[in-house]
Amino acid sequence: MAPQFDAIVVGAGFGGMGAGIELDRLGLSNYVILEREADLGGTWHVNHYPGLAVDIASVTYSYSFEPNPYWTRLFAPGKELKRYAEHVAGRYGLRRRMRFSTVVDGARWDEERQQWTVSIEGGETLTGRYLLTATGFLSQPYTPPFPGIDTFGGKIIHTTAWEDDFDLTGRKAAIIGTGATAVQLVPEAAKKVAELTVFQRTPIWVVPKVDTAIPAPVQRLFAEVPATQKAARVVNTAMLEALMVVGVLHYKQAKPLNKAAALLAKAHLFAQVRDKRTRERLTPKYDFGCKRPTFSNHYFKVFNQPHVHLETNSIERIEVDGIVTADGRKTEIDTLILATGFDLWDVNFPAIEIIGRDGVNLGKWWRDNRFQAYEGITVPKFPNFLSLNSPYSYSGLSYFTTIEGQMKHMARLFGEMFRRGEHTFEVTQQANERFLDQVTDKLGDSVFYGGDCAGARSYYFNQHGEAALLRPNSTVSTHKQAVSFPLDDYSFGAAGVKASA
Ligand code: NA7
């Protein structure tokens, strides 16, 4: 029995949309994109807290084949990213393939029919020849189990569930968390509230954000002479690449550069915060790059304001009218804002239950063995499956470099499969092991293993202490590999797949 779809894509963010565009290019046009949210855009649909913006310049944080000349700032605000996602969906005919408010429960490989069966909450099942999961990395909001949180009498809001009509004016608020989200939100919240206490467990490295409005004549230039925007993209991407490759991945060889980045952040802090003790408390005790650094010109300054307080004692419990810290003090609040981020390693790899050949459960297999995926995209025993958000898949700093590298991998893989007249592929065990050995070896040079990351509490690390998220090479080499990986790293056709097992 033929499957209903050529392919089933899970997730309508930029990753799933890129996969859809590539499927069309490959002639696999009968696909569906399933999305649990009510609209497309992934993180840029879910997040709309005050101050939301990209922290990778927009010329780079966008598809290279679909530049947007009309970004209003170097670092576009969240709303523009959402509009851009809508534009891309319209332009590439993606919206008609999307099914919203559709929660995927799981997927199972059907060996007999050589296809995937995907079950949806409510009981419906769909079948597809190929399964692509694009469920994001930071997409499962995390609320820490603070004792007493259920008894809190005021307003609780997680940054991923912001209510646009929620007015902070005059409130006595707490923001828990000091990750990238808090760094954007805190200055905006401080403008409105009567009192703001920021609960920090681990300080974050913050470097200046070289942001400015892009004037209309420059936007027109980008629109009329696309090569100019392309050049801007090349320059910006090269700078990010240098930061990542030299400062983070080759920490051992280029320690001074890493230290220079930390020094820049310290100078930024020194220039912005008057009180020495506050500065000390805002200074990270781990190496730059252990955790994703952030960019802001406004965050630190806020702590000079008399109505903004930095709390570094750990949270013991939450009561009806406040937060009690380990030193026994209560901070009275009426509004509790959770900027507590996402659960990455416990629930996101994979985000849905996926059962492959011989009944292998991907989540269990990753946890029983090591987290791994060949080229960050395919896994042995999981035929016709592309896991776009895999361990070691994130390459570079802009997610779009990862997405486009994976689109290239798809083109080469499917191209070869079609050339052979086959419909099934599976990565070989040997290729997967070779890739895992390579990344493990290379990561030895990175700040994650060579530096001091002990106190970072970084989501780059999993529960086994492995930094298994970022791919340890330049995006240039990731893209090169995507168009040149050995074709016999895969088995093709049902018989070939079985034989290589
Ligand atoms: P992050 O970067 O995961 O930050 C979450 C923050 O919440 C971080 O400061 C955590 O402190 C804090 N947190 C989490 N649990 C607790 C508890 N139990 N007590 C106190 N504080 C806690 O998420 P963001 O949303 O800020 O940013 C996500 C990404 O979005 C970002 O990296 C960019 O790529 C864009 P911790 O550091 O763990 O001590």
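The points below describe selected features of a predicted model, moving from helices to a sheet, aromatic contacts and backbone details.

1. Helix α10. This helix covers residues 399-419 and has 21 residues. From its first C-alpha to its last it reaches 30 Å, close to the 30 Å expected at 1.5 Å a residue. Helix α10 is mostly covered, since 15 of its 21 residues are buried. G421 follows the helix, and its phi is positive, near 70°.

2. Helix α11. Residues 429-443 form this helix of 15 residues. Its reach, first C-alpha to last, is 21 Å, close to the 21 Å expected at 1.5 Å a residue. The buried residues in α11 are A431, N432, F435, L436, V439 and L443. Seen down the axis of α11, the buried residues fall within an arc of 135°, so they line one face of the helix. On the other side of α11, the residues Q430, D437 and D441 are exposed.

3. A sheet of three strands. The strands of this open sheet follow the order β13-β14-β15, and their pairing is antiparallel. Strands β13 (315-319) and β15 (330-332) are the edge strands, each pairing on one side only. On average, neighbouring strands of the sheet are turned by 20° against each other, direction ignored. Strand β14 (residues 322-325) is joined to β15 by three bridges. For V324, the bridge partner in β15 is K330.

4. Aromatic pairs. The whole structure contains 40 aromatic pairs. In the pair of F14 and Y84, the ring centres are 5.8 Å apart and the planes stand at 45°, so the pair is tilted. F14 belongs to helix α1 (residues 14-25) and Y84 to helix α3 (residues 78-91), so the pair ties together parts that are 70 residues apart in sequence. F14 counts as buried because its relative accessibility is 4%. Y84 is likewise buried, with a relative accessible area of 2%.

5. The aromatic cluster. F14 and Y84 also belong to one aromatic cluster.

6. Charges over rings. The charged end of K155 sits over the ring of F166, at 5.4 Å from the ring centre. In another such arrangement, the charged end of R412 sits over the ring of F485, 5.1 Å from its centre.

7. A cis peptide bond. Most residues other than glycine have a negative phi, and most peptide bonds are trans. The bond from F349 to P350, however, is cis, with omega near -5°. P350 is in the loop between β16 (335-338) and β17 (353-355).

8. Positive phi outside glycine. D358 is not a glycine, yet its phi is positive, about 55°. This residue D358 is placed in the loop between β17 and α9 (362-368). Its relative accessibility is 61%, so D358 counts as exposed. N384 also has a positive phi, near 55°, and is a residue other than glycine. The loop between α9 and β18 (385-387) holds N384. N384 is buried, with a relative accessible area of 0%.

9. Residue Q481. Q481 lies in helix α13 (residues 475-482). With a relative accessibility of 26%, Q481 counts as partly exposed. Between Q481 and D275 there are 206 residues of separation in sequence and 50 Å in space, C-alpha to C-alpha.

Notes. Residues are numbered from 1 along each chain as its sequence is written. This is a predicted model: local features need pLDDT of at least 70, side-chain atom pairs count only at pLDDT 80 or more; totals for chains, interfaces and linings use all residues. Side-chain values use heavy atoms; hydrogens and water are left out. Helices (H or I, at least four residues) and strands (E, at least two) are DSSP runs, numbered from the N terminus. The expected span of a helix is 1.5 Å times one less than its number of residues. Buried means under 20% relative accessible area, exposed over 50%, partly exposed in between (1.4 Å probe, protein chains only). Two strands pair if DSSP finds at least two bridges between them. Axes are lines fitted to C-alpha atoms, for helices over the stretch in contact, and angles run from 0 to 180 degrees between N-to-C directions. Rings of Phe, Tyr and Trp (its six-membered ring) pair if their centres lie within 6.5 Å; planes under 30 degrees apart count as stacked, over 60 as edge-to-face and the rest as tilted. A charge sits over a ring if NZ of Lys or CZ of Arg is within 6 Å of the ring centre and within 35 degrees of the ring normal. The arc is that of the directions from the helix axis to the C-beta atoms.
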